[in-house]
Amino acid sequence: MSPTPWTVYGQPLTSRLLLGTAGYPSPQVLADAIAASGTQVVTVGLKRILGAGLSPKDSDNGFIAGVRDAVQRHGARLLPNTAGCRSAREAITLAQLARELYDTRWIKLEVVGDEHTLQPDPWETLIAAEALVREGFEVFPYCTEDLVACRRLLDAGCQVLMPWGAPIGSGQGLVNPWALRTLRARLPDVPLIVDAGIGAPSHAVQALELGFDAVLLNSAVAKAGDPVRMAAAMAQAVAAGRLGFEAGPIAAQDFGRASTPVDARPFLLA
């Protein structure tokens, strides 16, 4: 049994795991991890490519070609991201380059405001989101779990939100589940993807059990002892978490309650 499909920007998806492409031991391990994860959305950071001295039109570069080949082979979609940007202006420029290079309106908007926590800058993120939506981009904003800031991004035209679970690459899991639970309850019809901080399959299960639609992770797989096996584990974790949410878990209680009737009859007969 599989979880129900979901939709983002009109694109139906069955996998609820989005996978990054940075830090893998080799292009082959990356390709194998994509296959093992069953992901349908793969992110790639353009600034890292430009930082290596490559042109946006350098489609023959081994990394770009390798990612494209792996993505196309498994029927996934590319989600370019503006990782490494520190201002709205920089993110907007990078998004425009990404659209030229990858021929997609999808963009993961990431504008970091603090070097220690890598927390997103809510003001610069909002400015960039407003501009990119006006230009026809379909924006996936990396944000905190702050409800008001998230609503401002929705007002700007974003149709999906990507609140962090913990600082990027920290592997801490969901450090503020109360706020994430509140965000889910207050925005019941908005696709929500936990982005950043996932370190173990149990963290992914927790996010999906809270009712989030998906998780995006990179380091948890790329830096694992066996990235391919971890990718498979994460795929099973998100499926299990979502199925559990859809099944409707019993409510937690502060007291015990016998699961077997005292009259020893396991079923009630009409």
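User: Is R184 buried or exposed here?

Analyst: Burial is read from relative accessible area: buried means under 20%, exposed over 50%, and partly exposed in between, with a 1.4 Å probe and protein chains only. R184 has 9% relative accessibility, so R184 counts as buried. A word on the source: this is a predicted model, in which local features need pLDDT of at least 70 and side-chain atom pairs count only at pLDDT 80 or more, while totals for chains, interfaces and linings use all residues. Residues are numbered from 1 along each chain as its sequence is written, and side-chain values use heavy atoms, with hydrogens and water left out.

User: Which residue forms a salt bridge with R184?

Analyst: The general idea comes first. Side chains of opposite charge can pair when their charged atoms come close. The cut-off used is a side-chain nitrogen of Lys or Arg within 4 Å of a carboxyl oxygen of Asp or Glu. For R184 the partner is D213, and the closest N and O atoms are 2.9 Å apart. R184 sits in helix 7 (residues 177–186) and D213 in the loop between helix 8 and strand 10 (214–217), so the pair links distant parts of the chain, 29 residues apart. Helices (H or I, at least four residues) and strands (E, at least two) are DSSP runs, numbered from the N terminus. D213 is buried too, with a relative accessible area of 12%.

User: How many salt bridges does the whole structure have?

Analyst: A search finds 8 of them. Another one joins R105 and E138, with 3.2 Å between the closest N and O atoms. R105 lies in the loop between helix 4 (88–102) and strand 6 (106–109), while E138 belongs to strand 7 (residues 138–143), so this pair ties together parts that are 33 residues apart in sequence.

User: Where do E246 and R242 lie?

Analyst: Both are in helix 10, 4 residues apart, which is about one turn of the helix. E246 is partly exposed, with a relative accessible area of 33%, whereas R242 is buried at 11%. Elsewhere, salt bridges that share partners join R16, R184 and D213 into one network.

User: At what angle do helix 8 and helix 10 cross?

Analyst: To read a crossing, take lines fitted to C-alpha atoms, for helices over the stretch in contact, and the angle from 0 to 180 degrees between N-to-C directions. The axes of helix 8 (residues 201–209) and helix 10 (residues 227–247) come within 7 Å and cross at roughly 25°. That makes helix 8 roughly parallel to helix 10; angles under 35 degrees count as roughly parallel, over 145 as roughly antiparallel, 65 to 115 as roughly perpendicular and the rest as oblique. The crossing is right-handed, a label given when the near helix is turned clockwise from the far one by less than a right angle, with anticlockwise being left-handed.

User: Which residues make the contact of helix 8 with helix 10?

Analyst: Contact means heavy atoms within 4.5 Å. Helix 8 contributes P201, A204, V205, L208 and E209, and helix 10 contributes M230, A233, M234, A237, V238, G241, R242 and F245. By class there are 10 nonpolar, 1 polar and 2 charged residues. Here Ala, Val, Leu, Ile, Met, Phe, Trp, Tyr, Cys and Pro count as nonpolar, Asp, Glu, Lys and Arg as charged, and the others, Gly among them, as polar.

User: How do helix 4 and helix 5 pack?

Analyst: Helix 4 and helix 5 (residues 122–134) pack at an angle of about 35°, with axes 8 Å apart, and their crossing is right-handed. The contact brings together A88, A91, I92 and A95 of helix 4 with E124, I127, A128, A131 and L132 of helix 5. That set holds 8 nonpolar, no polar and 1 charged residues.

User: Where is T82, and what is it in contact with?

Analyst: T82 is in the loop between strand 5 (77–81) and helix 4, and T82 is buried, with a relative accessible area of 0%. Leaving aside neighbours within four places in sequence, T82 is in contact with A91, L94, A95, I107, K108, L109 and E110.
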